[in-house]
Amino acid sequence: MEDKLLIWKLKKGSNEALCRIYEKYEEHLLASAISLLYDVSSAEDVVHDVFVSFAQSADKLKLNGNLKGYLTRCVVNLARDKIRAIQRHRVGLDKANPAGSDLQQPSHAVIRDEELDRLSQAMGSLPYEQRETIVLHLRGEMTFKAIARIQGVSINTVCSRYRYGLDKLRSLLNGEVKK
Amino acid sequence: MRTAENIERFIRNIRYKTSAEMHEKTLKDALDARSQSRKVQWASAHSNIWRIIMTSKITKLSSAALIVIAVTAGIIHFGGSIDGGGIVFADVLKSIQEANTAVWHEQRVMTCNGEELPFLTTDVVRYYSVKYGAKEEMYALKNILLQEVYWSIEKGARIEVAPLWKQYKRTEFTEAERTVGGRSIEAIVELVKSEKTTKLGRKTINGRKAEGFEIHNTKIVGAFVPVEFDSLVARFWIDVETSLPLRYEAELVISDKHITLFTGGKTVEVKVIGDEFQWDVELEKDIFELNIPPDYTEMEY
């Protein structure tokens, strides 16, 4: 079913439309969140929270682009908040424990899909801005211009982040550099 | 060897199968959130209607929490039901006096030409305590708290609190409220002595044997609340074994312009059902404690 029709039905009170949207995008959103967080349980939390929030505010939703892009942006925003929270927590722990902590490393939750696991590990070694740019562009189907707007940087910066990120991913996945 | 295009395609197309547990939980929480959100929006959209309703006299219709006790006691006595096998007024009054607390449920359904007016239908939870007074919580759409009303014996006042609008109102007890609140048997008797009742016989309610009484167009309601109604029929069912009220039902026909405002001038029928009585239960003091948040303002009406 077309997303516009699903949104229309959802706004009219259809629970079936809500289920349909969730089933249509849950796997996509979860993979996006894993790409950003490299942690299955954190990614599941993000998708859960994004979807519950979407359900709460669906009546106010004014979609400019497509629904997939909108939901991916929500996942990216929440993942960014989560990363920042982890970093804040890490700073606190570093002060208390200068030897470091597990939070500096990606989570150890098992990712069942081997290819996704490899990609997640590779993504995890990119700077977060590059990771986010790749996810927004390739999975959120956003233009560089739109990404520049939400990241508050120039379009050239976005293009560079994307190019450097993709180059590094290629090197990592082809085994040219060590992770 | 992966090319950049190959990696782009791979990233675009990756999917990750969610666990069944996560799938169910997210969907359930999303549906719950959706349902709650729609209720709140509905309430908000009808906020003005409810605001008008709150200003009308209809919310005062059953606002005297103790009315059922007074009426029940009175009609039983003056309905001439004192016979060998019947309910005895003295027993009822004694039972009510001995039951220090009560909790019960009341539903008010309003219809016009047979069609329910959903925004006027409310569920009420009532609490009563000899020591602390009485309180009612009025809900719309099952779980939106529209109004709380406290009858404070200590303050001699009725305090209405409307959380949706963050407002409250304090009103001194009416004479009738003071009478029942004071629990003077003589005063209650005086209040209800002119009422005529019809005996309805016995029936079983929730496995309990009950004796019923019916009254028409009683003046007692008017003594408690200033409501104009065209007609009223009320039935009270008393537990034969405990002599305590088990259930009451009332049907009113109202042409009051405050109400017919919502129906284009058409008469509104109101059905009130009070049931699920629990007598002499333990009620915490804080149920009756009035805590008005500092940002609440006095009601505009």
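In this predicted model, the confidence along chain A is lowest in helix α4 (residues 67-96), where pLDDT has a mean of 76, and highest in helix α8 (residues 155-173), where the mean is 92. Averaged over chain A, pLDDT is 80, and 83% of the residues score at least 70.

The secondary structure of chain A consists of eight helices and zero strands, giving the order α-α-α-α-α-α-α-α from the N terminus on. Of the 179 residues in chain A, 37% are buried. Among the contacts in chain A with a separation of 6 or more, 65% are between residues 24 or more positions apart.

Chain A also touches chain B, in a contact that takes 31 residues from chain A and 25 residues from chain B. On the side of chain A that touches chain B, at least two residues each are supplied by α2 (15-37), α3 (40-57), α5 (114-124), α6 (128-139) and α8 of chain A. The largest share of this side, ten residues, comes from α2(A). By class, the side of chain A that touches chain B comprises 18 nonpolar, six polar and seven charged residues. Helix α8 of chain A, which supplies at least two residues to this side, is also the helix in which confidence is highest in chain A.

How values were computed: Residues numbered from 1 in each chain as written. Chains lettered and ligands numbered in written order. Predicted model: local features only at pLDDT ≥ 70, side-chain atom pairs only at ≥ 80, totals over all residues. pLDDT = per-residue confidence, 0-100. Helix = DSSP H or I, 4+ residues; strand = E, 2+ residues; numbered from the N terminus. Contact = placed C-beta atoms within 7 Å. Nonpolar A, V, L, I, M, F, W, Y, C, P; charged D, E, K, R; others polar. Buried ≥ 20, exposed ≤ 12 C-beta atoms within 10 Å, placed from the backbone.
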